[in-house]
Amino acid sequence: MGAGGTPSARASAPTPAAPHRHRATALHPGAWWLWALSLGTAATRTTNPLLLALLVAVSAYVVVTRRPHAPWSRSYGAFVKLALAVLLVRLLFTTLLGSPIPGTHTLLTLPEVPLPDWAQGIRLGGRVTAEGLTFALYDAMKLATLLICVGAANALANPSRLLKSLPGALYEMGVAVVVALTFAPNLIADVHRLRAARRLRGRPDRGVRGLLQVGLPVLEGALERSVALAAAMDARGYGRTAQVPARVRRTTAALTLGGLLGVCAGTYGLLTAAGGTYGIPVLLAGVVAAVAGLWLGGRRTVRTRYRPDRWDARAWLVTASGATVAALLFLAAARDPAALHPGVIPLTAPTLPLWPAAAVLVGLLPAFVTPAPDPVSTKEPS
């Protein structure tokens with residue numbers, strides 16, 4: 001048609017308001033991280049391979065249905081490969097170094113290497129039992145599931161938006177990470193561009209000489225961009241802080257440091273069997289102290305957020321679904337530990353406990369209450 005183009009072309013052309021609508025309906029990235037970490041916490045409370053496989057399936061379904069079309073959202077596959085590598089390495093170590101679990105079902109016998117007396121408790125080779133491999137597989141699946149849950153958070157949450165949502169006390173760190181994430185692709189693009197230019201001129205682009213002759217212009221360009229960015233940030237008032245009394249600064253440092261130590265101690269207690277009684281109270285106390293310290297530290301930052309992400313009802317639903325899974329798995333581990341930790345002596349097939357499995361399915365809620373990602377726009381020829 002004329003200047004207006006065909007009706008199909010006009011219909012498929014993106015409107016300027018589309019990005020604003022997508023940002024207004026997008027879920028807060030912190031909700032995705034809380035949901036994924038809650039699933040990972042639930043995975044630490046069981047070694048039942050059926051429940052762990054169900055947790056992986058739940059996270060994978062949510063990722064497949066709600067992952068946006070962005071380069072950073074493709075990291076889920078890398079975390080899955082890392083989880084498989086963890087499984088293989090753990091089984092390999094158990095095969096070569098043995099297992100503390102005694103067993104009667106011998107699969108194979110490797111040549112055993114004699115070790116000196118100071119290496120007692122360690123062996124190389126020897127009997128490989130089905131009980132030992134099964135115990136190693138169950139234990140490795142727990143770590144693999146945790147890695148896959150973290151990969152789901154990386155695939156669903158926009159890292160730039162997440163860093164922009166950091167508290168005011170962590171503003172400088174967030175800006176530094178955002179700048180690093182922005183400059184890294186530029187450095188890679190500069191390397192490819194300079195190597196292509198050297199090939200067109202018939203000059204070597206490999207080896208030590210090629211690396212030096214390509215690396216120096218890349219570093220020079222990075223330095224120029226850094227100086228320009230520093231000047232722009234200084235012109236916009238970055239780094240200027242408000243006057244805060246000394247007692248407030250000391251209170252902020254004590255609360256933040258004590259809160260982080262409490263979070264570390266509480267997390268360690270949750271991951272160990274002996275620390276289940278004190279893990280949750282210490283973790284909650286640490287979180288409260290750290291949040292108070294970050295709130296006080298944010299008073300020294302004089303800044304405003306441009307179009308901040310809203311924590312709406314859907315974010316609460318997503319966070320609550322993950323927290324429900326973690327809480328119910330904690331309750332199941334306390335009431336019926338045999339179902340969540342199947343034994344390997346004697347070697348028996350694991351069974352799927354019904355109500356813990358139903359609790360894991362609550363983690364599917366984000367696939368139904370969050371908006372679907374925007375489809376990839378394809379322009380039709382006019």
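Predicted model: local features only at pLDDT ≥ 70, side-chain atom pairs only at ≥ 80, totals over all residues.
Visitor: Why are helix α3 and helix α12 called roughly parallel?

Guide: Helix α3 (residues 29-43) and helix α12 (residues 313-335) pack at an angle of about 10°, with their axes 8 Å apart. Angles under 35 degrees count as roughly parallel, and that makes α3 roughly parallel to α12.

Visitor: Which residues of α3 and α12 meet, and what is the make-up of that contact by class?

Guide: From α3 the residues include A31, W32, L34, W35 and L39, and from α12 they include V318, G322, V325, L329 and F330. By class, the contact of α3 with α12 has 13 nonpolar, 5 polar and no charged residues.

Visitor: What makes W32 and W35 an aromatic pair, and why is the pair called edge-to-face?

Guide: The ring centres of W32 and W35 are 5.9 Å apart, and rings pair if their centres lie within 6.5 Å. The planes of W32 and W35 stand at 80°, and planes over 60 degrees apart count as edge-to-face, so the pair is edge-to-face. Both residues lie in helix α3, 3 residues apart, about one turn of the helix, and both W32 and W35 are buried.

Visitor: Why is W311 called partly exposed, and why is W316 called exposed?

Guide: Exposed means over 50% relative accessible area, and buried means under 20%. W316 has a relative accessible area of 56% and is therefore exposed, whereas W311, at 31% relative accessibility, counts as partly exposed.

Visitor: What makes T95 buried, and which residues does T95 touch?

Guide: T95, found in helix α5 (residues 76-97), has a relative accessible area of 19%; because buried means under 20%, T95 is buried. Not counting residues up to four places away in sequence, T95 touches L110, V128 and L133.

Visitor: How do you know that D139 and R90 form a salt bridge?

Guide: The N to O distance between the side chains of D139 and R90 is 2.9 Å, and a salt bridge needs the nitrogen within 4 Å of the oxygen, so the pair qualifies. D139 lies in helix α6 (residues 130-156) and R90 in helix α5, so the pair ties together parts that are 49 residues apart in sequence. D139 is partly exposed, with a relative accessible area of 27%, and R90, at 28%, also counts as partly exposed.

Visitor: How many salt bridges are counted, and which residue meets D312?

Guide: The count comes to 3 salt bridges. The side chains of D312 and R314 meet at 3.0 Å, N to O, and D312 is partly exposed, with a relative accessible area of 24%.

Methods
Residues numbered from 1 in each chain as written. Heavy atoms only, no water. Axes fitted to C-alpha atoms, helices over the stretch in contact; angles between N-to-C directions. Helix = DSSP H or I, 4+ residues; strand = E, 2+ residues; numbered from the N terminus. Parallel < 35°, antiparallel > 145°, perpendicular 65-115°, else oblique. Contact = heavy atoms within 4.5 Å. Nonpolar A, V, L, I, M, F, W, Y, C, P; charged D, E, K, R; others polar. Phe/Tyr/Trp six-rings, centres within 6.5 Å; stacked < 30°, edge-to-face > 60°. Buried < 20%, exposed > 50% of the residue type's maximum accessible area, 1.4 Å probe, protein only.
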